[in-house]
Amino acid sequence: MRRSFKFVLRPTVKQAVMLTMMVEDHRQLYNAALEERRTAYTKRGVSIRYGEQSAQLKEIRADDVDGQGRWSFTSQQQTLRRLEKSFAAFFRRVRSGQKPGYPRFKGKGWFDTVTFVEGDGARWDSQPCHPSATFVRLHGIGHLRVHQHRPVTGRVKRIEVKREGSRWYVIVSCDDVPAAHLPVTGREVGLDVGVAHFATLSQPINGVTDACGHIANPRHRKAAREQLAAAQQAYARTRRGSKRRRKTAQKIGRLHRKVARQRTDHAHKAALALVRTCDVIVVEDLKIVNMVRRAAPRPNGDGTFAPNGGSAKTGLNDSITDAGWGVFLTILAYKAESAGRDVILVNPANTSRTCPKCGYVARENRKTQAEFVCVRCRYSANADVVGASNIKRAGLVLRDARAA
Ligand SMILES: [Zn+2]
């Protein structure tokens, strides 16, 4: 099993300066490689591939000993591969007739990650008994202190260094991470993600949900969202190129990262609680949910949003909510796999409209956002709990069909 672990880096002032230079040089390498591909294509109609660009690295480094020559050769290869990947994605979109979006030059602040191959330009130096004495050694920078707050298991394969605002992180990706199976609990649940509550289960679980089966939204979420919405509005009032505009954009970035951190923390806690208490967790397949979704938010790429038909705030809130589910389901899938639990994905069609008692399907069954009343048999219950029960049933049917 594969897994990654993310830790805060604690560089010295000098190391932080070096990290900034390293990321900047990688950004320029990326942009130069993109420029070469563009020119070759527009002037001569030829496509340049990763192999040809990688073959030039040796010369680039020799010509620029105090610049590009300072950094790890393999990490530079990874940056070129990253460009190769974005071209591959571009051609895939062209082939499938989607809006392609040619790979873009990365401006300052839009390139924040450098990837290393373990043992080649970077080494993970962890002391299992002394997590506080963990370092990562990076070519051209030296030993950087890592705040390792939990153990790393498996075989380290890749090491990423990432800048988020003014902080630095290291992300360690491992192969062969052993699964630690949890004892069987005999509990199977359906889970409905929502807006009013973070999620609702088909049945309440002591210590995981409230008495109705709801898992609450992260604390502070509302406050952070309101601050974000206010900052977005303030941004719209600033003039292009002004100092205030730049400051507001930085603030928006900070708030986005804060919301993202809260969301990830909360998702980890909720997923862990579920995996500990349930053998089978049935959820809606988000890929299908997204296809039937309403007015999609249209990000401008700088943390703001363009009009999308709905109100600007709706677009923003939806995008945060959607991202939250995606993050949560990814974390849940990971934790379930490492604990030997089952996560079943089901088609979300009609899960909120079907009567769990008589099976009658009608939009009118959903009386309000919160209340379900069956038009035929008058069965009534909390709408989210009904949704979760229907999800659970659909999942168990699917599982039995697969087993048969
Ligand atoms: Zn009914």
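**The zinc site and Phe372**

Okay, let's start with the metal. Four cysteines hold the zinc ion through their SG atoms, Cys355, Cys358, Cys374 and Cys377, at 2.3 to 2.4 Å. Donors here are N, O and S atoms within 2.8 Å of the metal (3.2 Å for Na, K and Ca), and water is not among the atoms, so sites may look incomplete.

Quick caveat: this is a predicted model, where local features need pLDDT of at least 70, side-chain atom pairs count only at pLDDT 80 or more, and totals for chains, interfaces and linings use all residues. Residues are numbered from 1 along each chain as its sequence is written, and side-chain values use heavy atoms, with hydrogens and water left out.

Along the chain, the zinc donors are spaced C-x2-C-x15-C-x2-C. Cys355 sits in the loop between strand 14 (342–346) and strand 15 (371–373), and Cys374 in the loop between strand 15 and strand 16 (380–382), so this pair ties together parts that are 19 residues apart in sequence. Strands are DSSP runs (E, at least two residues), numbered from the N terminus.

So, are those two buried or exposed? Cys355 is buried at 1% relative accessible area, and Cys374 is buried at 0%. Buried means under 20% relative accessible area, with a 1.4 Å probe and protein chains only.

Now Phe372, which is in strand 15. Phe372 is buried too, at 0%. Beyond its neighbours within four places in sequence, its contacts (heavy atoms within 4.5 Å) include Cys355, Pro356, Tyr379 and Ser352. Phe372 and Ser352 are 20 residues apart in sequence, with 8.6 Å between their C-alphas.

Methods. Helix = DSSP H or I, 4+ residues; strand = E, 2+ residues; numbered from the N terminus. Buried < 20%, exposed > 50% of the residue type's maximum accessible area, 1.4 Å probe, protein only.
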